[in-house]
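Student: I've got a model here and I'd like to talk through how it's put together. Can you take me through it?

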Amino acid sequence: MLQGKKRHMVGSASASPRGKDTFPKILLHNARVFGNRTAFREKDFGIWQSWTWSGVSEEIRAFSIGLQSLGLKAGDKIAIVGANRPRLYWAMVAAQAIGAVPVPVYADSVAEEMAYVLGHAEVAFAIVEDQEQVDKLLSMSDEVPSLKHVIYDEVRGLRDYDHTHLHSYASVQDKGRALQAQSASLKGEWEQGLATGKGSDIAVMLYTSGTTGRPKGVMLSFDNLVISGRNGNDFDHLDETEEVLAYLPMAWIGDHVFSLAQAFTAGYCVNCPESMDTIDVDRREIAPTYFFAPPRVFETMLTMIMVNMEDAGRTKRAMFDTFMDVARKVGEKILNGEKVALKDRLLYRLGEFFVYGPLKNRMGLTRMKVGYTAGEAIGPEIFQFYRSLGLNLKQLYGQTEASVYITLQPDGEIFGDTVGKPAPDVELKIAESGEVMYRSPGVFVGYFKNDEATASTKTPDGWVHTGDAGIIADNGHLKIIDRAKDVGRLTDGALFAPKYIENKLKFFPNIKEAVAFGHERDRVGVFVNIDLTAVGSWAERNNVNYASYQELAAHPDVYAMIESHVDQVNRDLAREPMMAGAQIRRFLILHKELDADDGELTRTQKVRRSFIAERYGPLIEALYDGSATKHVRTEVTYEDGRKGVLEATVEIRDMPLHDAGKSFQEAAE
Amino acid sequence: MNAFVADKALTPAEADGSGEPETLLRVDNVSLAFGGVKAITDISFDIRKGEIRAIIGPNGAGKTSMLNVINGFYHPQEGTITWRGTVRRKMKPYEAASQGIARTFQNVALFKGMTTLDNIMSGRSLKMHRNFFWQVLWRGPAEREEIEHRKKVEEIIDFLEIQAIRKTPVGRLPYGLQKRVELGRALAMEPELLLLDEPMAGMNLEEKEDMSRFIIDVNQEFGTTIALIEHDMGVVMDLSDRVVVLDYGKKIADGPPEEVQASQAVIDAYLGVSH
């Protein structure tokens, strides 16, 4: 839609054009302009069922009028619980048309957490997917006294429930349709009603999971979402021809923006998978043109490919290996539009035909124009793998409070270790403390019923604390180094970001876990856990014999290998002026794997830093007292619950420092 | 007070207001023997329309034989079977099937090399009206008919939440899922009476919960009458409306779960007393 692009230029933070400042208004506009274009699809009964924009408009109107007749009014909160389904997306806009505020919640959250959110939000209505969610809500009616009506999409199993306050989605819509049939003026009245909505009204409330304390309700206005959505579309040139797959939780800001805000503002089609287990097949059938996934999705896809290639015939494997070498060499350059020798270009073409094309088809990414990953750091190898296939995969950095976008990687400016440049209309700065702060039209209105938290997050002039520490590189790209509260200082004042160092180490396949120490100490020391699979297969290939993890971890060759990795990390750190002071001075390879059974990791496999510091006190001491070896006894818990003691003499290695200035120059040249 | 809590579910008989429950199938004084071995001795009970009826008993009590009699695989030497008010003559299992009796087996009996979809499709074969010639030709009416059947099968796939394995050969599926596919194939016949022979044998707790849910839903959504054999007493007591207990081929109790559970004869049969 060329016209549209001209109308709202990148970077225009002004109010949305022509009164299209709320989603209900945009819906009417889309129904007029895109009428017969497909707006939503859902795979049901093995077939992609689809709805056009004008169809969706009718569905939403019927439901909205039905809701009104049940007593929903402006300002009421309405919970949305369930997996991605067109009807749940419609319910949000139907509520907005009346002035009510949708509150999507995580469908799989435990009852207690959900009850807190619904109680805190004071929801009056709840629109849920099926019986499971109905049961969950009924069980918490004491904690959520404000809840008046529950409306469900999937009828199954609910026939015998008391239906005084329980309604099926279809029955509410039928009521809306019946009312419209009775009164010819109702449609007009409904449209007039939604026309009174303003861009500054609250569009949605999203609860952030929050690693500490209770979840907070982030209030976002229509302006926040509509402007962010338009900016996002313009940034990546997205229009009504895009196809996206809606499969990430509806309560998550990313899905809300990709599958609703951007879909409505651009007019593109949102596809809802048949079930959570069929996403891979559904993605292949739809072949989304705009795709978002957290790093683990890309990791899993890559692992699947590699495993399948192991089982492939010899010819196929040889072809895969040959052409993947070509892709590694020139794929990214071609994608970035750099100069590449004609021979390589032709080889790459051939590879596209024989290997990359079929691979992309397998993954359902054949038509992908642009894809994003965010949420956590993605391994550089994984990132490069996809880019070398010619997939325009990029990173972004965002949060709920910003209506997603804070920084984005522009096409052709992709660096594995940065999260890109400020998104359109976003101002970025680094506070004294090293914390990243931003100001943008997407900045949230406030936390619901929590002025204290709002005041501590958002300054009076609109800057928001992200809670992340970062630096802005010379090329203008933002680099996130750690959670602000975890960042410390060495005694000489150098910045120490443990997670940043650990992630750099963990990107080596041979290193499974790393724990860095250095806050309020004179230098950085690191514990390393080797990856038994990766190092084990290396040992097999190199005739290294070992009987246990402990023996392999202490092997001199393994130490030499890890030493070279640590040295590489130091080189990388030396190249960054802010980080050069925090190079690793000493490291050791732990004699046992960190394990959740021993309390060293959380159940989600995150390192419990303080616990480890306590448990391995003598080893930390050894990191700093200069000794070359240390004898330790560690209690371990076996899987059957028995306890045992592991004894080992652990070697500690010193590492040379790299000259900050010099390597920086090297890099610059 | 919680305004949402539903009233106790109505039994089908109460729901249709007739008061007197309609009997779908009645077994009168049936005896079955293999040579000198008496598998079933003089058993009578009925299955009412719309109920979940459990048949329980210790190993070798004659439960599976009873199911085999109901679905026409065995022919009792004595006694009668009344199906929808008509006394049944000697018949073949497929005749029973075409009259609306479907079943699943104690050991999964699927076509291992075929996909889930094809297996469930095979359950529709009795409903196919076009003859073999038309189906081979697969044009016009046969094609239209197949589309209709596929629709029905897709509804079942959706109902049993097995979309993800639609195209997977069933031999590759875990046991719990195979059981679900088998239930799907039985449902594809749109039976009036569904016989389930140990639908939860060999399942873990989670799979049992899922299967129980499906059985209840089949009963409620499709109004299918269900007769099931099951060893997990917790499941039986939760699911069934009425239970008949067999021991050594004889009926020792019949009634609602609570009543049966309290019966001394049943306790003796399960805990063992000298005979």
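Tutor: Helices (H or I, at least four residues) and strands (E, at least two) are DSSP runs, numbered from the N terminus. This is a predicted model, where local features need pLDDT of at least 70, side-chain atom pairs count only at pLDDT 80 or more, and totals for chains, interfaces and linings use all residues. Residues are numbered from 1 along each chain as its sequence is written, with chains lettered from A and ligands numbered from 1 in the order in which they are written.

Student: How many bridges join strand S25 to strand S26 of chain A?

Tutor: S25 covers residues 524-530 and S26 covers residues 584-589 of chain A, and they run parallel. A:Val524 stands opposite A:Ile584 in S26(A). The number of bridges joining S25 and S26 of chain A is five.

Student: Which strands of chain A stand at the edges?

Tutor: The open sheet has five strands, ordered S24-S25-S26-S28-S27 (chain A), with mixed pairing. Each edge strand has a single partner, so one side is left without a neighbour in the sheet. They are S24 (511-517) and S27 (629-637) of chain A.

Student: Which strand supplies the largest share of the side of domain 1 of chain A that touches domain 2 of chain A?

Tutor: By an automatic or database domain assignment, domain 1 of chain A is 23-224 and domain 2 is 295-483. Here 14 residues of domain 1 are in contact (C-beta atoms, placed from the backbone, within 7 Å) with 13 residues of domain 2 of chain A. Six residues of that domain 1 side come from S9(A).

Note on methods
Two residues are in contact if their C-beta atoms, placed from the backbone, lie within 7 Å. Two strands pair if DSSP finds at least two bridges between them.
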